[in-house]
Amino acid sequence: MTGGSTLAGKGTQAGGKDDPLYQSPIGDAGNHGQVVLQWSEFTVTPGGPPDVALTRGGPVGYPGVHVESDVEVDPVSVSVALPVDRGLLFGTQTLADYQLTVQDPVGRTTPHTGKLSEDGATLVFSDVDLNLPGTSVMWVAVSAGHNAPLGATSLTFTVAGKSSASTTVVVTPAYDVTSGGDPVTAERGGAPVYPGVEVRNNGSQAIPLQSITAALPADLNMQFGTADNPDHQLTVWDANRNTTVYMGHLSDDGQVLTFSHVDLGIPDAGSRSVMWVAVSASDATPPGATRVEFSVGDRLSPSTTINVI
């Protein structure tokens with residue numbers, strides 16, 4: 001320990017009560033004294049930038065921390081904890097990874113195999129040599145599950161009792177949904193048109209079946225199919241140019257179709273599919289541009305523009 005000091009009390013009161021480690025009423029009259037040892041052999045800080053981007057259901061990223069010291073440090077224990085209720089995994093759902101990689105100040109890397117806690121949320125590593133002095137970097141492999149909440153989070157690294165957040169982890173969507181092509185023209189009282197959306201895989205694997213809704217624009221007197229020939233189908237044209245038709249459930253007000261267990265048909269990174277419904281304008285629909293609102297899982301997008309004439 002360096003820079004130690006003894007703080008005298010005053011009267012019946014202990015000294016050093018402003019120290020965050022002081023525990024009342026230690027040191028006051030009639031109570032034992034307190035010895036506090038404080039030292040700093042190394043620091044632990046987040047390992048970024050840059051942020052680690054994880055696609056839902058996609059490949060691993062490598063969040064970590066920096067460990068810095070100007071003296072040698074004996075081998076230490078390290079634990080790495082996943083954030084609570086954020087849907088992250090060590091490795092992936094199909095290939096777990098319980099390794100910690102340490103890169104020493106001269107760039108050499110050493111893997112360490114950890115022990116997973118019973119709840120699957122923490123990895124513990126023993127006798128990790130940081131090869132200090134200097135700055136070492138350590139990281140683990142994590143991925144985001146298909147239901148991981150979107151947005152920023154981080155892991156917690158604890159090195160010999162000192163904790164730090166990891167590099168920031170940003171969870172991104174498994175797929176994007178955008179308007180599905182050129183505008184369509186719907187004549188009032190005429191035949192149906194087919195507005196839709198395009199879905200693109202952002203790098204996710206084995207995307208689960210999704211629930212999809214298609215909602216007509218409010219108060220425009222439009223319908224799915226036509227008044228004489230209702231059409232409650234969703235058509236999906238997948239990445240392999242195959243079409244699949246799904247029957248939907250119409251809401252009581254006739255404004256929303258809901259489809260369950262829909263295969264998006266985008267198995268590979270960058271693959272795309274298109275989906276659409278049939279809608280028409282009634283004699284009472286005002287002219288102008290409008291759209292159908294699609295929800296694909298938790299992603300929202302307006303359809304192709306519908307120009308009512």
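Is Glu198 buried, partly exposed or exposed? I looked it up: Glu198 is partly exposed, at 23% relative accessibility (buried is under 20% relative accessible area, exposed over 50%, partly exposed in between, with a 1.4 Å probe and protein chains only).

**Basis.** I am working from a predicted model, where local features need pLDDT of at least 70, side-chain atom pairs count only at pLDDT 80 or more, and totals for chains, interfaces and linings use all residues. Residues are numbered from 1 along each chain as its sequence is written, and side-chain values use heavy atoms, with hydrogens and water left out.

**Glu198 and its partner.** I found a salt bridge from Arg272 to Glu198 at 2.8 Å, N to O (a side-chain nitrogen of Lys or Arg within 4 Å of a carboxyl oxygen of Asp or Glu). Arg272 sits in strand S25 and Glu198 in strand S18, 74 residues apart (strands are DSSP runs of E, at least two residues, numbered from the N terminus). Arg272 is partly exposed at 42%.

**Other salt bridges.** I count 3 by this rule. Arg56 and Asp298 pair at 3.0 Å, N to O; they are 242 residues apart, each in a loop between two strands. Arg56 is buried at 11%, whereas Asp298 is partly exposed at 43%. Arg108 and Asp104 pair at 2.7 Å, N to O. Here Arg108 is exposed at 54% and Asp104 is buried at 5%.

**Whole chain.** I note that the C-alpha trace spans about 95 × 50 × 30 Å along its principal axes. Buried residues make up 39% of the 309 residues.

Methods: Helix = DSSP H or I, 4+ residues; strand = E, 2+ residues; numbered from the N terminus.
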